[in-house]
Amino acid sequence: MKKALTLITLTAAMAAAANANAAGVTVTIACGTVGIELKMCQDGGARWAKATGNTVKVFQSPNLTNDRLGLYQQQLAAKSSDIDVYQLDVVWPGQLAQHFIDLNGKVPAATIKSYFPGMIAADTVGSKLVALPWFTDAGLLYYRTDMLKKYGYTKAPTTWAELATMAAKIQAGEQKTNKQFVGYVFQGKDYEGLTCDAVEWVVSNGGGTIVDASGKITINNPNAAKALDTAASWVKTISPSGVTTYGEEEARGIFQAGNSAFMRNWPYAWALGQGADSKVKGKIGVAPLPKGTGAGARNAAALGGWQLGVSQYSKNQEAAISLVTYLAGPAEQKIRAIEGTYNPTLPALYKDADILKANPFFGSLYSVFTGAAARPSGPTGVKYNQVSQAFSGAVHDVLTGKTNGTKAVAGLATTLARIKGTGW
Amino acid sequence: MTNLSKAPTAPPTTRRKGIEATRARQAIWFLLPALIAIAVVAGYPLLRTIYFSMHEANLTSPEQAKYVGFTNFYGTGDEGVKFGFLTDPKWWSAVKNTLLFTVVSVALETVLGMVIALVVNSAFKGRSLMRTAMLIPWAIPTVVSAQMWAYMYNDNFGLIGRGLLGGQSPLADTGTAIWALIAVDVWKTTSFMALLILAGLQSLPSDMYEAADMDGASKWTQFWRMTLPLLRPALLVALIFRSLDALRVFDVMYVMLGPNTAAETSMTGYARQAMIDNSQLGLGSAVSVAIFLLIMVIVVMYVTAFRVKFD
């Protein structure tokens, strides 16, 4: 009797194990954790797993993009197969291309054609398609509609000077009752986020893009210097002194707690700001970032965005490609656009009624998302990170009052020349 | 071999020497695993770092290293362009800040640690509870306590930034940030210092103090003439431990300041940025070698200046 029981248990256990095998393979994805990102990634993975019978494991990455790159590089250099799918920043493909499989020929050509051509170009290194665009990002100006109305303004500011005047007036009025209230918050910490913010200031004032498409260092010009001085003039006036320690989430925290009139941030902040626990729900307006004055001034939003690539060292490449194609596909992008304000990389979705209902500004700001200003990751190639660090460091010195715009851009030009050496 | 040739002339000594030699051989066999372990986990990485410090190599493809001599440290290009980290003002700022951090925080920790150790060494009710409780800051992992302090320093909701300073962030200004970091380190490691000093205090004979009391020496005199000189060996070991730790500081800076500012504030942060963020394996290794040499020089200085004995 005892023997029979053992036998039955054993058979049952083996059957269960066989079942687990039949359920497919486990694919590990490393995705971001900023705001609602992690949950959306888990949900998306679960939907794919249910449809295909495979299993998805989500690897939690650090919040700051710099930390993430360091971690991924170590994993990839060690040829680790722990992570199958990586979420890549738009400035990384040039640096990491060799570790990822070529998606050309593995993903149907028609699917590749359905994305914005510019984004596919950004993910192509040589002739190799390193990753599929998952969502795109551009800097936006968030404002409090109720505050603008209260202080007699009818529309969002269109120039930086206007923004400063409005922010100062609202801040002065609100601080009478709320000491913590500030006019404007942005990403002022010395990291990749500051590079994005500062590229917007410089481009919007006609100061060029640090390094131009041909690889020439262009940052040492009066417009760029003026742009940085303007930004420095906000610190301690319309922005708190601590703004030079803020990343995306610190800025969002202040805005969402109702303590700021304006905020520069990425689109993801919209869905969270409209959430049930948000103190500014229903009081948020979104506009293009202001522009400077003078020749060459234009609206500029830094181009961000994340891609999905399959590691060359993955042991389950087929399943990983299937996961990437699914997550970057129209159905999943639609869910992400509605629930998380992630900007689709498929032009077709910008005409989708459900998406426009959830994000009314998507339609009117279409040109902001598609014509955004790129960071110089293309021309500077593998040295982009050093260029970005040198730039954000110089900008941070201006913001904290250690130097002024003119000296900073001159010094930066020298530093960049040293980094460039004999060529990018 | 020599033992064998001596064998016929003095048999008894040979036997004793033979036993000693056997023991020595056995000892080597017993030590061998430890020596291999040291060679593998300490020697090999060190040699490899030195090897890479003289090569131009990328983190993502280390096998394609190119020999460049000492240009990772210092070099001049064709058009007089200087490269190598020794020409980078950021590196020198990191060295300056790390040394400042080390000197100030270790000095404060030693003085405060001594005071705390003397207090908890005296007999009072609840002494053992006190001794355990004071170790709590030290027991918290540095990344956790650093993040906790970063929140406290936050100018919008932090206990210190908003509460004490009325909306100023000490971390925003690099001039004040280093002092804010020293405060965190002192808060965290003073108790460790106190523990080391306390261990030293416990080994002092109590009858000596009884005799001193009989002779009418004041507590002050007892401290300066008896406690301090006898405590010297323990104190110096504690000082070396803490100084080396402080010179290698990384996590506090990295968590509280972010990668770029940390690279200007700590030598290890600079090394990490070169090696990881910029994937310059060669340059990063060169920086690591420089840190290793610098720390070694400081240890040698300590040991010779204070005649520390480790046995």
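Asp185(B) and Arg242(B) form a salt bridge, with their closest N and O atoms 3.0 Å apart; a salt bridge here is a side-chain nitrogen of Lys or Arg within 4 Å of a carboxyl oxygen of Asp or Glu. This pair links distant parts of the chain, 57 residues apart: Asp185(B) sits in helix 8 (residues 174-202) of chain B and Arg242(B) in helix 10 (residues 219-247) of chain B. Helices (H or I, at least four residues) and strands (E, at least two) are DSSP runs, numbered from the N terminus. Keep in mind that this is a predicted model, where local features need pLDDT of at least 70, side-chain atom pairs count only at pLDDT 80 or more, and totals for chains, interfaces and linings use all residues. Residues are numbered from 1 along each chain as its sequence is written, chains are lettered from A and ligands numbered from 1 in the order in which they are written, and side-chain values use heavy atoms, with hydrogens and water left out.

**Around Asp185(B) and Arg242(B)**
- Both Asp185(B) and Arg242(B) are buried; buried means under 20% relative accessible area, exposed over 50%, and partly exposed in between (1.4 Å probe, protein chains only).
- A network of salt bridges links Glu109(B), Asp185(B), Arg242(B), Asp245(B) and Arg248(B).
- Glu109(B) belongs to helix 3 (residues 89-121) of chain B, and it counts as buried because its relative accessibility is 0%.
- Leaving aside neighbours within four places in sequence, Glu109(B) is in contact with residues including Asp185(B), Thr189(B), Met193(B) and Arg242(B), where contact means heavy atoms within 4.5 Å.

**Salt bridges in chain A**
- Side chains of opposite charge can pair when their charged atoms come close.
- Over all chains, the structure holds 19 salt bridges.
- One of them joins the side chains of Arg375(A) and Glu192(A) (2.9 Å, N to O). Arg375(A) is in the loop between helix 17 (366-370) and helix 18 (377-380) of chain A, while Glu192(A) is in helix 9 (residues 192-204), 183 residues apart.
- Arg375(A) and Glu192(A) are both buried.
- Arg264(A) and Asp197(A) also meet through their side chains in a salt bridge (3.2 Å, N to O).

**Helix 3 of chain A**
- How is helix 3 of chain A placed in the structure? It is largely enclosed by the rest of the structure, because 10 of its 13 residues are buried.
- Among the buried residues of this helix are Thr65(A), Leu69(A), Tyr72(A) and Leu76(A).
- Just after helix 3 of chain A, Lys79(A) takes a positive phi of about 50 degrees.

**Where the two chains meet**
- In all, 31 residues of chain B are in contact with 32 residues of chain A.
- One salt bridge is counted between chain B and chain A, and the side chains of Asp88(B) and Arg418(A) meet in a salt bridge (3.6 Å, N to O).
- Helix 11 (251-257), helix 12 (259-265) and helix 13 (267-277) of chain B each supply at least two residues of the side that touches chain A.
- Thr245(A), in the loop between helix 10 (222-234) and helix 11 (248-256) of chain A, touches residues including Ser169(B), Leu171(B) and Ala172(B).
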